[in-house]
Amino acid sequence: MRAAIVAIVAMVGAGCSGKREAKGDHHEAREEGHDHEPDEHSGQPEDHLRLRIDHEMLRDLRITTAKAEARAAGERVTALGELAVDQETYAEVASPVPARVVKVLARAGDLVEAGQPLAWLHSAELGKARAEVQAARARHDRAAQALARKRELAAEKLVTGGELQEAEAAAATAASEVRLALAALEAFGRSGDGAAGAARLTLRAPLAGTVIERTVVMGQLADPAHTLFRIGDLSHLWLTAHVFERDAMRVKIGGKASVVFAADPGRPVEAAITAIGREVEPSSRTVPVRLDVPNADGALRPGMSATVALPLGDDTARVVAVPLTSVQRVGDHWVVFLPGPEEGVFDVRPIGRGRELGGEVEVLSGLAAGEVVVVDGAFLLKAESDKARGEGAEHEH
């Protein structure tokens with residue numbers, strides 16, 4: 001008796017009796033990687049099979065699932081790619097001048113709003129710039145008061161025209177010095193509350209998003225050439241696919257591509273093509289194609305690798321498709337495995353197998369969009385199904 005019990009139960013209609021003779025496996029399995037039409041003589045069998053796996057074996061199968069999707073029927077090409085942040089909603093924050101870090105207010109992974117403080121720094125240069133603004137304003141006030149007095153005296157003919165012109169020139173010079181001092185202070189950006197200390201510099205988030213990386217600690221000397229915070233909006237990401245030049249000529253902006261990530265192969269994502277590179281990379285002879293990938297739940301991360309199925313040419317017709325590894329040959333039929341009503345039970349669903357579409361298979365019949373099929377683990381379920389077929393099938397009535 002095998003330690004792992006596997007049974008195939010035939011689900012037949014009311015009034016059925018007796019055992020159905022198992023068909024011989026006289027058709028050779030076709031090679032993967034080629035488009036196949038379904039067998040014209042086979043159709044769907046009268047019985048749908050159910051496979052039952054015991055719990056110990058189920059733990060070893062490492063099963064993942066995916067939904068059958070309605071996707072474009074046109075020709076597709078597969079390319080490799082990687083995720084990155086959207087450069088339009090990304091910023092690197094550094095200190096505008098050499099400064100000592102007094103306090104760090106944000107950590108990696110924090111959500112921040114535009115203008116939110118990230119760190120407090122102490123900058124002697126900032127203190128000098130603020131002092132110069134105050135001094136320039138004081139000189140301007142004195143010059144403005146002197147000019148007003150000269151004008152009063154000039155109206156009474158008590159000063160000469162030359163003295164009035166000198167006072168006007170001095171006031172204009174003082175006003176220019178104020179503007180120059182303010183411009184020097186503005187180079188420090190939004191520096192925060194001056195009352196907290198003339199030398200305090202507050203680094204603020206330039207946009208809303210997630211702190212992707214923080215490379216600063218309290219007491220560190222911050223240099224303008226060193227990035228302290230990397231911030232980006234991760235609700236949508238850029239994916240760059242590397243497409244061979246002969247195929248890139250047929251890729252259209254606005255097309256919808258199917259993306260499968262190595263970290264989560266059971267969850268394909270639809271992404272829109274937003275940009276196509278204007279030159280070929282000499283080493284790989286590929287053209288970068290950029291896609292906008294939605295990431296509302298934050299599960300995807302910059303740097304993840306992916307396989308992208310890109311539409312070529314016209315892509316208007318729709319078909320039902322499932323991942324290539326979910327389709328297996330059992331007996332005379334192509335099948336997919338669907339999770340059953342309870343754990344360890346799987347329905348063996350015969351399908352009409354169509355073309356391969358860049359990592360996916362077109363389903364001509366037997367499966368509707370939205371139904372869930374086994375992806376990783378389907379081959380092992382096929383093996384258990386073949387074993388059980390060889391040992392005979394038990395029937396329920």
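Which backbone nitrogen lies 2.9 Å from a polar atom of the side chain of Asp54?

## Asp54 and its contact

It is the backbone nitrogen of Met57. The model is a predicted one. Asp54 sits in the loop between β2 (48–53) and α1 (55–61). Its relative accessible area is 17%, so Asp54 counts as buried, the cut-off being under 20%.

## Nonpolar cores

The largest nonpolar core has 25 residues, and Leu239, Phe261, Leu291 and Leu310 touch the most other members. Two or more residues each come from β5 (76–85), β14 (236–244), β15 (256–261), β16 (264–276), β17 (286–294) and β18 (305–311). A second, separate core holds 21 residues, including Leu126, Leu207, Val216 and Phe229.

Leaving aside residues up to four places away in sequence, the contacts of Leu291 include Leu237, Trp238, Leu239, Ala257, Ile273, Val308 and Leu310.

## Salt bridges

The whole structure contains 14 salt bridges. One of them joins Glu213 and Arg230, with the closest N and O atoms 3.1 Å apart. This pair links distant parts of the chain, 17 residues apart: Glu213 belongs to strand β11 (residues 209–214) and Arg230 to strand β13 (residues 229–232). Glu213 is partly exposed at 32% relative accessibility, and Arg230 is partly exposed at 24%.

Asp264 and Arg267 form another salt bridge, at 3.5 Å between the closest N and O atoms. Asp264, at 32%, is partly exposed, as is Arg267, at 30%. Together with Asp297, these two residues are linked in a network of salt bridges. Arg353 pairs with Glu356 in a salt bridge with the closest N and O atoms 3.4 Å apart; both Arg353 and Glu356 are buried.

Notes. Residues are numbered from 1 along each chain as its sequence is written. This is a predicted model: local features need pLDDT of at least 70, side-chain atom pairs count only at pLDDT 80 or more; totals for chains, interfaces and linings use all residues. Side-chain values use heavy atoms; hydrogens and water are left out. A nonpolar core is a set of buried Ala, Val, Leu, Ile, Met, Phe, Trp, Tyr and Cys residues joined through side-chain atoms within 4.5 Å. Buried means under 20% relative accessible area, exposed over 50%, partly exposed in between (1.4 Å probe, protein chains only). Helices (H or I, at least four residues) and strands (E, at least two) are DSSP runs, numbered from the N terminus. Contact means heavy atoms within 4.5 Å. A polar contact is a pair of N or O atoms within 3.5 Å; within protein, one must be able to donate a hydrogen and the other to accept it, and residues adjacent in sequence count only if both atoms are side-chain atoms. A salt bridge is a side-chain nitrogen of Lys or Arg within 4 Å of a carboxyl oxygen of Asp or Glu.
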